Amino acid sequence: MSTHPRLGPAVKASVTSGSDTWHSTGVEGELRPLHLADGPHGLRQQPEDGDHLGIGGSVPATCFPPAVGLGSTWNPALVRRVGEALGGEASSLGVDVVLGPGMNIKRSPLCGRNFEYVSEDPHVTARIAAALVEGIQSQGVGACVKHFAANNQETDRHRVSAEVDERTLREIYLPAFEEVIRTTEPAMVMSSYNRLNGVYTSQDPWLLTDLLRGEWGFEGVVVSDWGAVVDRVAAVRAGLDLEMPPSGTDQLVADAVHRGDLDESVLDTVVERLKRLQERVWTDTTRSPEHEAHDALAREAAREALVLLKNDGGVLPLATDRSVAVVGEFARTPRYQGGGSSRVVPTRVHSALDSFEAALSEGALAGVRFASGFTLDGTEDPGLAEEAVEAAREADTTVLFLGLPESAESEGYDRTTLDLPAPQLELLARVREVSERVVVVLSNGGVVSVAEWQDRADAVLEGWLLGQAGGAATVDVLTGAAAPSGRLTETIPVRLSDHATYLNFPGEHGEVRHGEGVFVGYRHFDTLGVPVAYPFGFGLTYTSFAYSELEVAPNGENAWTVSFTVTNTGDRAGSEVAQLYTGIGQDHPTRPRRELRGFAKAALEPGGSTRVELPLTGRDLSVWDPRDQRWSLAAGSYTVSVGASSRDIRLTGEITTEGDRYVRKLTKHCTVSEWRTHHVGGPVMRELITSFPGLTDVPEELLRMADSLPLITLRTFGLGVTEEMLDLLVDDVEAKRRAAVERGEITG
């Protein structure tokens, strides 16, 4: 029986796709068209007379730092404020749902869209994305998390199959989505273009229904990425509510209902979800966007996103009595966002050069001279380099702005190298010869190689893509008006070939094999001890910090509170990002050496201290067991590490737990070893061995060989063991296991 009898199948089918590129389909008296807009770091709202996709132009909006920058702040409270600003601007423009944040894991540094993603780590991704969602939705506007799931490259993105084992999915590529969905209830989830283990995500019932809705409890709307739907009927049946933009194939859905291939109740469910969504969002086009306040917030966020990688001799902050040569076209023409669907038309743009000149007029510098040094499009102009060298020769300090050209990274294609353009590195070498102090400021959406050239620089400031106010924020940090407080959310390798994905990216023959498993990013580098240029979590500032008084206290069953003190031991104010990692010792690692499980950003005055408390749960220590489809917490001792990066551990403690006491069911197809080590089956197995004289005299080496044999094979060696005996044995052990569960001795 249809729950919407007034609406026929054709009308219901029509609401499963949009009415145009940016609106869902309305039904008079039932549904209003919902307005969607791109907006991971700023709204891309198409004007009324704009082009079909809105890429050629959009209404001016505040361009905040993209996710690469917001993630580097390690400051969820700040990111929530950015989300509030995004939501407010969306509401003023009549936008119901903002298409963001992007939450895909940075599996490879070559992914062309890494500037739209937070990290190589799911925990920091979840914390930053959740803050953005909370901020957006606090303004009555929905957020749409994307791209679900395992969309970690741009190469062949519309067809490629990400081949990922279930444990890796559960521990690396799904946890951030799970955390954000469970804690913030986003309005929408966007399915990705790619296939996951052979199935298009837009028509994967396990992903969109069993997992997302059944296990995680998502009650919002699932929307496709633009143009991602291959089979309309299969997609609707799998749990996709809304195809965007419309492909004109609604009749296929209606016909499937008429044929009995698609239950009409599925369409009723879509209608109900869209109705719930329209009830939870509202807009206010009478409100005026607070562009001035949001520009100041964008500057604040950009300041916290900057990561100081190197500062030999304390060359930064710049001294007020020294002249500065500002070299590099990026200082005058900043790269502040990436290419593709997230491109924002900013309300204004602050260049570093303008901010340097303002600092000069305010007496913060003794002199400023600019030289572009190179062109942004890569064309040769030797005169520009000569001019830059002369400017450097005459200044006390050279600040050299280097980075990737816009064409190097974008949605739609991946990078092939981590190297900076050769002319820029040649310019650095020449500047180093004539300049006593050289500071390099980087502009890039994904990491770049630094190992081969950083010895030519006294200081290196990773500037990422910082949004419209990034130029001003950069000068704030360089001059000491603000202290750098950003930290890396991805490892910078020495060489691309050191990366775990080197042999499996971007794949071939329509597949990309995630052969590194759970050893993604720092999990790979740190577990194997591979040298890196800069580790995950790293970042300097203008002061120093000490850690002390670690305490790990129980806080319920398989729950703990980790507390410690952080002290500013320097003579300047600054912020520290204290990071909590867990691990377990293994001779042959099947788990990463360390995994981030918590962090806190603390702003401290000189000499100031703060007590940090971070929670740990059994889930934080667990691994996914694909055999039993559950999170498994093994008994044993776990290391708790606290520090300033994954390789700068200051305090170490230990947790000992009995685990979850889960005992799995045994079958006759389990191995002898699994029987011998089983909580219930072990004693029974020992009794079995003593009851068969032929087994008591078997040499130890043969018993060890037998460990890998499924129990059922014992019937084939003339030992007098029959399959009927094994069936009775299995039944007996299972009865004892169930009894132990009922007594509360074990779980299962």
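Trp 74, Tyr 522, Phe 536, Tyr 581 and Phe 599 form one aromatic cluster in this predicted model, where rings of Phe, Tyr and Trp (its six-membered ring) are taken to pair if their centres lie within 6.5 Å, with planes under 30 degrees apart counted as stacked, over 60 as edge-to-face and the rest as tilted. Because the model is predicted, local features need pLDDT of at least 70 and side-chain atom pairs count only at pLDDT 80 or more, while totals for chains, interfaces and linings use all residues. Residues are numbered from 1 along each chain as its sequence is written, and side-chain values use heavy atoms, with hydrogens and water left out.

The structure holds twelve aromatic pairs. One of them joins Trp 74 and Phe 599 in an edge-to-face arrangement, at 5.0 Å centre to centre and with 80° between the planes. This pair links distant parts of the chain, since Trp 74 is in the loop between helix H2 (67–72) and helix H3 (76–92), whereas Phe 599 belongs to strand S21 (residues 595–604), 525 residues apart; helices (H or I, at least four residues) and strands (E, at least two) are DSSP runs, numbered from the N terminus. Both Trp 74 and Phe 599 are buried, a term that denotes under 20% relative accessible area, with exposed meaning over 50% and partly exposed in between (1.4 Å probe, protein chains only).

Phe 148 and Phe 177 likewise form an edge-to-face aromatic pair, at 5.1 Å centre to centre and with 65° between the planes. Phe 148 lies in strand S3 (residues 142–148) and Phe 177 in helix H6 (residues 175–184), so this pair ties together parts that are 29 residues apart in sequence. Phe 148 is buried, with a relative accessible area of 0%, and Phe 177 counts as buried at 1%.

Charges placed over rings (NZ of Lys or CZ of Arg within 6 Å of the ring centre and within 35 degrees of the ring normal) include Arg 170, which lies over the face of Trp 624 at 3.9 Å from the ring centre, and Arg 630, which lies over the face of Tyr 662 at 3.6 Å from the ring centre.

As regards the backbone, the peptide bond from Met 244 to Pro 245 is cis, with omega near -20°, and Pro 245 is found in the loop between helix H8 (232–238) and helix H9 (250–259). Arg 661, although not a glycine, has a positive phi of about 55°; Arg 661 lies in the loop between strand S26 (648–657) and helix H18 (672–676) and is partly exposed, with a relative accessible area of 29%.
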